[in-house]
Amino acid sequence: MNDVRIIDKNFSVSISESQIQARISELAATLNHEYAGRDPLVLSILNGSFLFTADLVRHLDWDPEVQFMRLSSYGGGMESSGEVRVLLDLNVPIKGRDILIVEDIVDTGRTMEWLRKYLASKDFASARLVTLLFKEEAFLAKTPPEYIGFSIPNSFVVGYGMDYQEHGRSLRAIYQLKD
Ligand code: 5GP
Ligand code: MG
């Protein structure tokens, strides 16, 4: 399964299942060290980060409160517009809490820039971001992710939670668009 076809596009393996899982245990080891003695709330950004969140939290030393938000950029194509809509809001107080935001992928960074401002208005103690993937070349925002699984080239990816037109999320590896 090195190539897959989803709807009308071909994709090839970019990061294997074992590479993903190995990197997640490393990320968790870093987080366990940095958050030792604290109790950050894990804020998972749906839909794309559901698998990453599930795998990551099971490696954490603390037993975190896990909450979800669903955010969407207008459009729905292969490029994000930067205009953020809240499709599922956070409905628990976060005043004084440490927040660990879990994202599948940071591209332009506009979604996360928007989210950091939104959370700041709710008076958190700290907010850091762990993202599985980071498209460094596409990044336009001010604050880069604090914890990064893999930096990847600026091409469209699917799998391991991420979709192309709502398909491909259940793939165990990460695939990139073939040109
Ligand atoms: P940003 O605001 O950083 O430009 O975009 C963030 C969101 O766009 C991500 O959370 C993700 O939902 C979506 N996105 C960005 N790049 C990709 C990609 O290569 N594949 C998929 N499936 N979604 C992406
Ligand atoms: Mg996302």
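This is a predicted model: local features need pLDDT of at least 70, side-chain atom pairs count only at pLDDT 80 or more; totals for chains, interfaces and linings use all residues.
The model contains an open sheet of 6 strands, arranged in the order β5-β4-β3-β6-β7-β8 with mixed pairing. Its edges are formed by β5 (84-88) and β8, each of which pairs on one side only, and neighbouring strands are turned by 25 degrees against each other on average, when direction is ignored. Strand β8 is joined to β7 in the parallel sense over 4 bridges, and phenylalanine 134 stands opposite serine 151 in β8. Helix α1 lies across β6, β7 and β8, and runs at about 160 degrees to β8.

In soluble globular proteins, nonpolar side chains tend to be buried together. The largest nonpolar core of this model has 25 residues, of which Phe52, Leu56, Leu100, Val130, Leu132, Leu133 and Ile174 touch the most other members. Two or more residues are given to this core by each of α1 (17-34), α2 (50-57), β6 (98-106), β7 (126-134) and β8 (147-151), with the largest share, 5 residues, coming from α1. A second, separate core of 20 residues includes Leu71, Ile101, Met112 and Ala127.

When its neighbours within four places in sequence are left aside, serine 44 is in contact with Ser49, Thr53, Gln67, Phe68, Met69 and Val102. With serine 49 there is also a polar contact between the two side chains, at 3.1 Å.

Notes:
Residues are numbered from 1 along each chain as its sequence is written. Chains are lettered from A and ligands numbered from 1 in the order in which they are written. Side-chain values use heavy atoms; hydrogens and water are left out. A polar contact is a pair of N or O atoms within 3.5 Å; within protein, one must be able to donate a hydrogen and the other to accept it, and residues adjacent in sequence count only if both atoms are side-chain atoms. Contact means heavy atoms within 4.5 Å. A nonpolar core is a set of buried Ala, Val, Leu, Ile, Met, Phe, Trp, Tyr and Cys residues joined through side-chain atoms within 4.5 Å. Buried means under 20% relative accessible area, exposed over 50%, partly exposed in between (1.4 Å probe, protein chains only). Two strands pair if DSSP finds at least two bridges between them. Axes are lines fitted to C-alpha atoms, for helices over the stretch in contact, and angles run from 0 to 180 degrees between N-to-C directions.
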